[in-house]
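The sequence and the structure come first.

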Amino acid sequence: MRFAIISDIHGNFPALSAVLEDAERNHIDSFIFAGDYCIGNPYPDECISKIRSLDKKYAIRGNEEQYLKYLIGDDQSTWTNGQFQISYYCYRKLREDNLNYVLSLPHQMKLIYNDITLHMAHSSEAFISDGEHRNWSSSKVAERYQDCFITQDIFRADIHKSLNEDKQFQEIFDRLENGVYIFGHSHIQWSYQSADGKKVLLNPGSCGLPLDCIKEGVPYTILNISENNAIVVEEKRVPFSMEEYIEALRQSDQFTEANVWSKVVMMELRTKRESISRFLHFAEKYAVEIGDAERPFSISTWERAYKAWENRIHGL
């Protein structure tokens, strides 16, 4: 059985399409989606419609879907802050049936194939506490590699060395039952397998917004379980013209309606490293400095903070 594991699409339909086409070329039997289908890119409705159209799939909910749940029944005339413009945009773009679909998905799921149990949750914290995020969150990865792009082989060697030497991680990993543990959330593609091959941690990275400092392609992972229950993991990077996509995002209505978020997302897409938390931290300091106590941030403060942050990045 060959599963294509896909996560964190974040409304990037062209990237999802490229991954699905590659999966078809690789003779995939079924798909597993690990959450975060919306918010960030301008095609959330197209992404969910495509996932729903697939015959053989398993899907769970991510954390971004919760932001949409909070907006149901809300008075849209009150949607005036800057920080959540991207959520407002996404909510307005979704058909009601697609919104209901993602909100109906479970937070966790178990599948059993032959004698192997596949455990699914959006974040690795469900299985290994902070074993991933303590050292290998998207912000930690951005700090580790600074302004350099790296190769998939370098990243794989670095994270395996780190996890092998991390006693706290090893203690948690040893306590897990045999099986495959599938998650996303960090936007970092990695996997880790026990010496006997019977226990696997698997993060396919972010199909729609990869943040692992690897320039080439968009990621997903193939999980192959053979008839004799051997588990083989293949990490894939699918060719994708990021600059063409960034230009399409610039021309989209999202760029107009959620301009600051769109610009930060474009920066992340281009650099393949996390920027959102750095900007949020800067915006908080900026708001304090100008004496604005309103939270979430007003549109004015939000946009002025971004302009100041952009000027600082460019040394202006």
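The lining of the largest cavity is made up of four nonpolar, four polar and four charged residues. The model is a predicted one. A search of the whole structure finds one cavity of 30 Å³ or more, and the volume of the largest cavity is about 50 Å³. The residues around the largest cavity are Q152, F155, R156, I159, H160, Q189, W190, S191, D212, I214, E235 and R237. Two or more of the lining residues come from each of α9 (152-165), β7 (189-193) and β10 (231-238). Helix α9 contributes the most to this lining, with five residues.

**Pockets**

| Pocket | Volume | Lining residues by class |
|---|---|---|
| Largest pocket | about 660 Å³ | ten nonpolar, 13 polar, five charged |
| Second largest pocket | about 540 Å³ | six nonpolar, six polar, nine charged |

Which residues lie nearest the centre of the largest pocket? They are H10, N63, E64, W261 and I276, out of 28 residues in the lining. The elements that each supply at least two residues of this lining are α3 (64-69), α4 (85-93), α8 (138-145), α13 and α14.

The second largest pocket, with a volume of about 540 Å³, is lined by 21 residues, and M267, T271, R273, S275 and R278 are the closest to its centre. At least two residues of the lining of the second largest pocket come from each of α8, α13, α14 and α15. Helix α13 has the largest share of that lining, with five residues.

**Nonpolar cores**

The largest nonpolar core holds 64 residues, and those that touch the most other members are I6, I9, L16, F31, F33, Y37 and F279. In soluble globular proteins, nonpolar side chains tend to be buried together.

Beyond the residues up to four places away in sequence, F31 touches A4, I6, L20, A23, L54, K56, K57 and Y58. Of these contacts, I6 is itself listed with F31 among the core residues that touch the most other members.

**A loop residue, S298**

S298 is found in the loop between α14 (276-289) and α15 (299-313). Is S298 buried or exposed? Its relative accessible area is 14%, so S298 counts as buried, the limit being under 20%. Leaving aside neighbours within four places in sequence, S298 is in contact with N81, G82 and D292. The side chain of S298 also reaches the backbone nitrogen of T301 at 3.1 Å. Along the chain, S298 and A287 are eleven residues apart, and their C-alpha atoms are separated by 9.7 Å. The two helices that flank this loop, α14 and α15, each supply at least two residues of the lining of the second largest pocket.

Note on methods
Residues numbered from 1 in each chain as written. Predicted model: local features only at pLDDT ≥ 70, side-chain atom pairs only at ≥ 80, totals over all residues. Heavy atoms only, no water. Core = buried A, V, L, I, M, F, W, Y, C linked by side-chain atoms within 4.5 Å. Buried < 20%, exposed > 50% of the residue type's maximum accessible area, 1.4 Å probe, protein only. Contact = heavy atoms within 4.5 Å. 1 Å grid on protein atoms, 1.4 Å probe; cavity = no way out; pocket = protein on both sides within 12 Å on 5 of 7 lines; lining within 4 Å. Points joined across faces, edges and corners; volume = space filled by probe spheres on them. Helix = DSSP H or I, 4+ residues; strand = E, 2+ residues; numbered from the N terminus. Nonpolar A, V, L, I, M, F, W, Y, C, P; charged D, E, K, R; others polar. Polar contact = N/O pair within 3.5 Å; in protein donor to acceptor, adjacent residues only side chain to side chain.
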